[in-house]
Amino acid sequence: MSARRSLVWLGLTPEPEQELPAAVAALRSPAAGRPPSALVAAERHRVERLVLRGTQRGWLRYLREVTDLVVRAAGSRTADPKAALLAGEVVLDHHRMLIGLPGAGYDRTALQRHELERALARLREHPEPALVGPSEPWSTI
């Protein structure tokens, strides 16, 4: 067995690294509105650590978490729909590109692709942010 780890997964696309930290922080944030900068920084650090020191398997586990956040947001009246749409589209595009890589990544993400397609369809049907209170509009990232 080779001690070298495969790095081919790193060449797919830079969008997840660039787009996901702020969107995921917004989806993880307990309060409506712009997520705290510390939460965005922590998410950015996590993604950076996964890319620099992680494996494809660890990266796909992270994207599974993001998929779960998007699916939950699609069924929620209080989640940030713009952040959910952005995160969902980025992960779905990533997972579709896995077809061009060796290994079982594409097959392992088949259920996630299906879940994301359904969640994105729901989010696109109702793109308006929900109301937090009786007259207070919900701000988005």
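Visitor: How are H3 and H6 oriented relative to each other?

Guide: Helices (H or I, at least four residues) and strands (E, at least two) are DSSP runs numbered from the N terminus, and the axes of H3 and H6 lie 9 Å apart at an angle of about 30 degrees. Axes are lines fitted to C-alpha atoms, for helices over the stretch in contact, and angles run from 0 to 180 degrees between N-to-C directions. Angles under 35 degrees count as roughly parallel, over 145 as roughly antiparallel, 65 to 115 as roughly perpendicular, and the rest as oblique. H3 and H6 are therefore roughly parallel.

Visitor: Which pLDDT must side-chain atom pairs reach to count?

Guide: Residues are numbered from 1 along each chain as its sequence is written, and side-chain values use heavy atoms, with hydrogens and water left out. This is a predicted model, in which totals for chains, interfaces and linings use all residues, local features need pLDDT of at least 70, and side-chain atom pairs count only at pLDDT 80 or more.

Visitor: How many residues of the contact of H3 with H6 are charged?

Guide: H3 contributes Leu 60, Leu 63, Arg 64, Thr 67, Val 70, Val 71, Ala 73 and Ala 74, and H6 contributes Gln 112, Glu 115, Leu 116, Ala 119, Arg 122 and Leu 123; contact means heavy atoms within 4.5 Å. For the classes, Ala, Val, Leu, Ile, Met, Phe, Trp, Tyr, Cys and Pro count as nonpolar, Asp, Glu, Lys and Arg as charged, and the others, Gly among them, as polar. The contact of H3 with H6 then divides into nine nonpolar residues, two polar and, as charged residues, three.

Visitor: How is H4 oriented relative to H6?

Guide: The axes of H4 and H6 are 9 Å apart, and the packing angle is about 150 degrees. That angle makes the orientation of H4 to H6 roughly antiparallel.

Visitor: How many charged residues does the contact of H4 with H6 hold?

Guide: On the H4 side, the residues are Pro 81, Ala 84, Leu 85, Gly 88, Glu 89, Val 91, Leu 92, His 95 and Arg 96, and these meet Gln 112, Arg 113, Leu 116, Glu 117, Leu 120, Leu 123 and Arg 124 of H6. By class, the contact of H4 with H6 has eight nonpolar residues, three polar residues and, as charged residues, five.

Visitor: How do H3 and H4 lie to each other?

Guide: The axes of H3 and H4 come within 9 Å, crossing at roughly 140 degrees. The orientation of H3 and H4 is therefore oblique.

Visitor: Is Gln 112 buried or exposed?

Guide: Gln 112 belongs to helix H6 and, beyond residues up to four places away in sequence, touches Leu 60, Leu 63, Arg 64, Thr 67 and His 95. Buried means under 20% relative accessible area, exposed over 50%, and partly exposed in between (1.4 Å probe, protein chains only). At 6% relative accessibility, Gln 112 therefore counts as buried.

Visitor: What is the relative accessible area of Arg 44?

Guide: Arg 44 lies in helix H2 and, leaving aside neighbours within four places in sequence, is in contact with Glu 17, Gln 18 and Pro 21. The C-alpha atoms of Arg 44 and Gln 18 are separated by 8.6 Å, although 26 residues apart along the chain. Arg 44 is partly exposed, at a relative accessible area of 39%.

Visitor: What is the C-alpha to C-alpha distance between Gly 75 and Leu 123?

Guide: Gly 75 sits in the loop between H3 and H4 and counts as exposed, at 67% relative accessibility. Gly 75 and Leu 123 are 48 residues apart in sequence, and their C-alpha distance is 8.5 Å.
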